[in-house]
Amino acid sequence: MSISSEHPVSADQVYRALTALGAEPVTDPILRPEGPQEEDRLHLLGSLLATTELEITAATRLAEEDEIEDVLDTMLGWSSQVGPDPGLAANVLTNRLQRTAIQVSESGEDQLPPGRDAAFAAVTTAVYALSAQLAVEHGAVEATRRALGGAEEALIDILQGIHDLRVAIGDAQERPEE
């Protein structure tokens with residue numbers, strides 16, 4: 001497995017992994033008569049990630065007493081691949097959170113429903129908090145301030161989304177516009 005940009009996993013390797021998992025993507029024979037090309041690498045990695053996440057989801061038991069054990073087993077495998085570098089782990093987590101935020105925000109609507117908006121803000125808060133921690137560890141005071149400001153704004157959005165959901169179920173009243 002490759003984590004550095006010096007020796008990246010090739011598109012062909014990712015394609016072969018997908019094929020081995022029974023998730024071979026269909027390529028357009030006219031556009032790609034020789035199969036996937038290197039410019040398809042990130043798309044293929046996304047497919048491999050989705051395949052892996054679907055496998056983990058299917059394998060995770062939903063009974064409360066067993067679910068935590070399954071999650072921990074998955075985390076042990078993740079940790080053994082990422083290794084002991086906390087900076088690399090934070091970078092991987094930030095990347096995952098950014099993808100999650102984008103996925104949460106894809107509703108097909110012009111404006112996100114309040115629950116999705118609050119979830120988007122919660123994930124964004126986590127990204128900013130991790131960024132602030134990394135920045136402070138590197139002595140980057142201004143970067144830390146910017147990240148903390150983003151986290152604070154996102155926290156406000158979480159509270160607004162939760163309030164809007166409470167209004168929707170009749171547990172709270174609309175706030176008058178200021």
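**Patches, a core and some salt bridges**

Okay, hi everyone. The largest share of the negative patch comes from helix H6, residues 141-168, which gives 4 residues. By helices I mean DSSP runs of H or I with at least four residues, while strands are E runs of at least two, and both are numbered from the N terminus.

A quick word on where this comes from. This is a predicted model, so local features need a pLDDT of at least 70 and side-chain atom pairs count only at pLDDT 80 or more, though totals for chains, interfaces and linings use all residues. Residues are numbered from 1 along each chain as its sequence is written, and side-chain values use heavy atoms, with hydrogens and water left out.

Which residues gather in the patch of negative charge on the surface? They are Asp 117, Glu 152, Glu 153, Asp 157, Asp 164, Glu 174 and Glu 177. Asp and Glu count as negative, Lys and Arg as positive, and His and the chain ends are not counted. The charge is placed at NZ of Lys, CZ of Arg, CG of Asp or CD of Glu. To be in a patch, a residue needs over 30% relative accessible area and no salt bridge; like charges are joined within 9 Å, and nonpolar side chains (Val, Leu, Ile, Met, Phe, Trp, Tyr) within 5 Å. Take Glu 152, which lies in helix H6. Glu 152 is exposed because its relative accessible area is 51%, and exposed means over 50%, buried means under 20%, and partly exposed is in between (1.4 Å probe, protein chains only).

There's a nonpolar patch on the surface too. Ile 68, Val 71, Leu 72 and Met 75 form that one, with about 340 Å² of accessible area together. Those areas come from the Shrake-Rupley method with a 1.4 Å probe, and for residues only the protein chains shown count as cover. Val 71 sits in helix H3, residues 64-82, and at 36% relative accessible area Val 71 is partly exposed.

Now, the inside. The largest nonpolar core has 6 residues: Ala 11, Val 14, Tyr 15, Leu 18, Leu 44 and Leu 48. A core here is a set of buried Ala, Val, Leu, Ile, Met, Phe, Trp, Tyr and Cys residues joined through side-chain atoms within 4.5 Å. In the loop between H1 and H2 you'll find Gly 22, which counts as exposed because its relative accessibility is 66%.

Last topic: salt bridges. Side chains of opposite charge can pair when their charged atoms come close. The rule is a side-chain nitrogen of Lys or Arg within 4 Å of a carboxyl oxygen of Asp or Glu, and the count comes to 7 salt bridges. Asp 70 pairs with Arg 61 at 2.7 Å, N to O. Is Asp 70 buried or exposed? Asp 70 is buried, at 11% relative accessible area, whereas Arg 61 is partly exposed at 35%. In helix H6, Glu 142 and Arg 145 meet in a salt bridge at 2.6 Å, N to O; they are 3 residues apart, about one turn of the helix. And Arg 32, Glu 39 and Asp 40 are linked in a network of salt bridges. Within that trio, the closest N and O atoms of Glu 39 and Arg 32 are 3.5 Å apart. Thanks, that's me done!
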